Each structure stands twice: as structure tokens, then as C-alpha cells.
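The structure comes first, and my notes follow.

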Amino acid sequence: MNNDVLRSEISLGVALVTLHRPDKLNALNGDLLEALEFTFLSIQRDETVRAVVVTGSGPRAFAAGADIADLHSQNAHSGRIFAERGQRVFSLIERLGIPVIAAVNGFALGGGCELAMACHMRFAADTARFGQPEINLGIIPGYGGTQRLPRLVGMAKAIEVILSGEMLDAVEAHRLGLVNRIYPHAELLDRTLEFARSLAAKAPLALRACLEATQIAADTSELEGLHAEASIFGKTCGTNDFKEGTQAFLEKRPATFAGR
Ligand code: COA
């Protein structure tokens, strides 16, 4: 798919999804959210896609938040629907069943930070800046920020970030565990795609199972999570990929996974 506000291309098992409103710092307007939902639903149906990278167009921003011009016209009723729509799209990404990495190439503010947090990993340029500045607009984060940020960095720091609206630089975001890796800005996309291609070579059913099991850790108690882990582990033992992976180890050769 290639349209005005979002670009998507697939190469070597990796889908690269690029937010494309660089003159507005890739702010998430209705068209962009719709294009994101359409694109991720297509990716979910495409068996050739084994990993996804999401990034922002231009040198300055991953995404500087929900589009404030769209936001300005909301009221108490429509605001709830506005938040639920963004949450639906970001939950689709979080529960895609395929690893999604955010390559954060600049500002990741408000909905941009929330989009990055809905991805399974965040690789950041050394120039990236993260924050939830909604407080400065008289609202709260509405695309999952109040839920995902505490899970990623702990309650105390999340409350500080959300109440202050202050930005974190890449080093601080990495120190807090919000960011997995930092690269020089010029290397970010290539290094992230390289990592995504390494995931694309792994057993896709096992990747999906890892994502499902770790998501349960965020959703339920440890006891329920352990129960679910055993069940999901059992399912992976029933796959052809498991037979191939163990056989290849015993035969001292690289495994080739078919996703069956
Ligand atoms: N929604 C709509 N437009 C946005 C936007 C947003 N969230 N963030 C940036 N833009 C637009 C600006 O209006 C400007 O458009 P214009 O050139 O047509 O006037 C363009 O992007 C460039 O932004 P600008 O503010 O001029 O760049 P800057 O370098 O001075 O500041 C930021 C960069 C990120 C600090 C600043 O744009 C900002 O604070 N953005 C809003 C962040 C925010 O509150 N996000 C949460 C929304 S819920």
C-alpha cells in the first residue's frame, strides 16, 4: 500500500510501515489512524510477513502525537470515541501475533509515544525524545499511555512523565527500560531492519507463541500466566517447526522454519 499519509513495503519477510506527514511531524490524524489500521490488518493476513518495523518520515519525528487540530473539536462524548478508536488500532498492533519494532527516529510524543509503546520493542535514534505532553493541553493520554507506560517503566516514573509532560531523551528512556536499543540517527533504520530480518528467519509460530505468552504476563496474575505458559508451550511442541528446529540442532545444520 502506498498512500498520502502512510507508506508500506515488504522485503525479505519484513514489512516497513512509515508514517508520512513530515510537515506535521507525522501527527496522527484520522486518515493516518485509518491507514494504520488497514495496513496492520493486511499485514496480519499476509503469511509472508514475519516481522514489522514502524518508523516516521523525515528527520525530526516518529510522531508528535494525535493531531491537535482534530483533537480541538472533541467534546466529552466524542472524546471517548476518539480515544477508543486509537486504542483499537494500537491494541491491534500489540496483539498482531507478529513482532513489531518501533524505529523511533525523533519526537515520540503523546500518541506517538503510545504507538511506540504498543510495539513490542523500541529502537531509538540518539536524537529521539519521548513524552506524554497531554497534560499541557488539559487532557490525559488516551491511546493507552496511562496503562502501558507504568508497565514499561514502573508507576513512579510513569506518573512523573504523565503529570509533568516533560520529555525524556533517548539515554534516559533507555535507562528506564522504555527503549531497548539506541543507534546513531543515520544508522537507526538499517540496524532495526537488520534485527527485524533476524527475527523473520525464526519459527513464526514460536514467535507468535512468545508474544502471546508474554502479553498474558501483562494481563493476568503469575499463577494464571504459568498455567497459560504450559499450555502454549505444549502447542509449540506439536508444530513441524519444533521438529525441524530440534532435528537441525541434532544434525548440526541451520533450521529452516515453514511456519507449520
Ligand atoms: N498535531 C498537529 N500538528 C502538529 C503536532 C500535533 N500533535 N505536532 C506538531 N505539529 C505541526 C505544527 O503545528 C507545525 O505545523 P505548521 O508548520 O503548519 O505550523 C509542524 O508540525 C512543525 O511543528 P513545530 O511546532 O513548528 O515544530 P517545533 O520544532 O517548534 O516543535 C514540538 C516541535 C514537537 C515540540 C511541537 O511541535 C509540539 O509540542 N507538538 C505537539 C506535541 C503534543 O502536544 N503532542 C500530544 C498531542 S495529544
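I took two strands as paired if DSSP finds at least two bridges between them, and I took helices (H or I, at least four residues) and strands (E, at least two) as DSSP runs numbered from the N terminus. This is a predicted model, in which local features need pLDDT of at least 70 and side-chain atom pairs count only at pLDDT 80 or more, while totals for chains, interfaces and linings use all residues. Residues are numbered from 1 along each chain as its sequence is written, and side-chain values use heavy atoms, with hydrogens and water left out.

**Six-stranded sheet.** I traced an open sheet with mixed pairing in the order β1-β2-β3-β5-β7-β10, whose edge strands, β1 and β10 (181-183), each pair on one side only. Strand β1 (residues 6-11) runs antiparallel to β2 (residues 14-19), joined to it by six bridges, and S11 has V14 in β2 as its bridge partner. The two strands form a hairpin with two residues between them, where I noted a positive phi of about 50° for L12 in the turn. Further along, β3 (residues 51-56) and β5 (residues 100-104) pair in the parallel sense over four bridges, and V53 has I101 in β5 as its bridge partner.

For helix packing I used contact as heavy atoms within 4.5 Å, and axes as lines fitted to C-alpha atoms, for helices over the stretch in contact, with angles from 0 to 180 degrees between N-to-C directions. Helix α1 (residues 30-45) lies across β1, β2, β3 and β5 and runs at about 175° to β2.

**Four-stranded sheet.** I found a second open sheet, also of mixed pairing, in the order β4-β6-β8-β9. Two bridges join β8 (residues 129-131) to β9 in the antiparallel sense, and R129 stands opposite D169 in β9. Helix α4 (residues 111-118) packs on this sheet, touching β4, β6 (107-109) and β8, with its direction at about 95° to that of β6.

**Ligand.** Counting a residue as near if one of its heavy atoms lies within 4 Å, I listed 15 residues around the ligand, of which K24, R60, A64, A66 and I68 come nearest.
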